[in-house]
Amino acid sequence: MFQDNLVLQQTVSVLTDKSRLKLVGLLSFQAYSLEELASLLDRKVSQVARNLRKLQHLGLIETEKTELVSRYTLNMQSFSRLKTCWYTSQEALSTDDEITFDESIFEEWEQKIVRRFFTGTRLRA
């Protein structure tokens, strides 16, 4: 349980950064190369690479390497584990039997994130 809470804290800390959250949003639609992400976000390649490393360290994204380029994708299994971890930690904190946690809460949160940073499949400025 302690390890799960530590991972959850680290993940929340990493995802509170607006640039990293935008990266997660972009990668939720499709795979991108480092250069494509830097261009879409209007950031230096080195800045995007640093943020990708932090997300990769937590297992939130994966790299698909080809002969010419590496492409980054969202690790949906990792996000599913995070949901479970969050759900478990909230249940453990809850002493009130009336409080229940519904999976739709996570779906609503995901949709709010997508709506906040994207218009359709286009990243908002």
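I began with two helices: the axes of helix 2 and helix 3 (residues 34-41) come within 11 Å of each other and cross at roughly 115 degrees. Helices here are DSSP runs of H or I with at least four residues, strands are runs of E with at least two, and both are numbered from the N terminus. An axis is a line fitted to C-alpha atoms, for helices over the stretch in contact, and angles run from 0 to 180 degrees between N-to-C directions. I noted the reason for quoting both values: two packed helices are described by the angle between their axes and the distance between the axes.

I noted that the model is predicted, with local features needing pLDDT of at least 70 and side-chain atom pairs counting only at pLDDT 80 or more, while totals for chains, interfaces and linings use all residues. Residues are numbered from 1 along each chain as its sequence is written, and side-chain values use heavy atoms, with hydrogens and water left out.

**Helix 2 against helix 3**

I looked up the handedness, and helix 2 passes helix 3 in a right-handed crossing. Right-handed means that the near helix is turned clockwise from the far one by less than a right angle, and left-handed means anticlockwise.

Which residues of helix 2 meet helix 3? I found K22, L23, L26 and L27 in helix 2, in contact with L37, L40 and L41 in helix 3. Contact means heavy atoms within 4.5 Å. I sorted these residues into 6 nonpolar, no polar and 1 charged. Nonpolar covers Ala, Val, Leu, Ile, Met, Phe, Trp, Tyr, Cys and Pro, charged covers Asp, Glu, Lys and Arg, and the others, Gly among them, are polar.

I traced an open sheet of 3 strands in the order 1-3-2, with antiparallel pairing. Strand 1 (32-33) and strand 2 (61-65) are at the edges with a single partner strand each, so one side of each has no neighbour in the sheet. Strands pair if DSSP finds at least two bridges between them.

Strand 2 pairs with strand 3 (residues 70-74) over 5 bridges, in the antiparallel sense. A hairpin of 4 residues joins strand 2 to strand 3. I checked two bridge partners in strand 3: I61 has L74, and E62 has T73. Helix 2 (residues 18-27) packs on the sheet and touches strand 1, strand 2 and strand 3, its direction making about 95 degrees with that of strand 3. Helix 4 (residues 45-57) lies across strand 2 and strand 3, at about 110 degrees to strand 2.

**V48**

I looked up V48, which lies in helix 4. Is V48 buried or exposed? V48 is buried, with a relative accessible area of 2%. Buried means under 20% relative accessible area, exposed over 50%, and partly exposed in between (1.4 Å probe, protein chains only). Leaving out residues up to four places away in sequence, V48 touches L23, L34, L37, A38, L41 and R43.

**N75**

I placed N75 in the loop between strand 3 and helix 5 (76-93). N75 is buried, at a relative accessible area of 10%. N75 touches G59, L60, I61 and E62, not counting residues up to four places away in sequence. A polar atom of the N75 side chain lies 3.2 Å from the backbone nitrogen of Q77.

Notes:
Polar contact = N/O pair within 3.5 Å; in protein donor to acceptor, adjacent residues only side chain to side chain.
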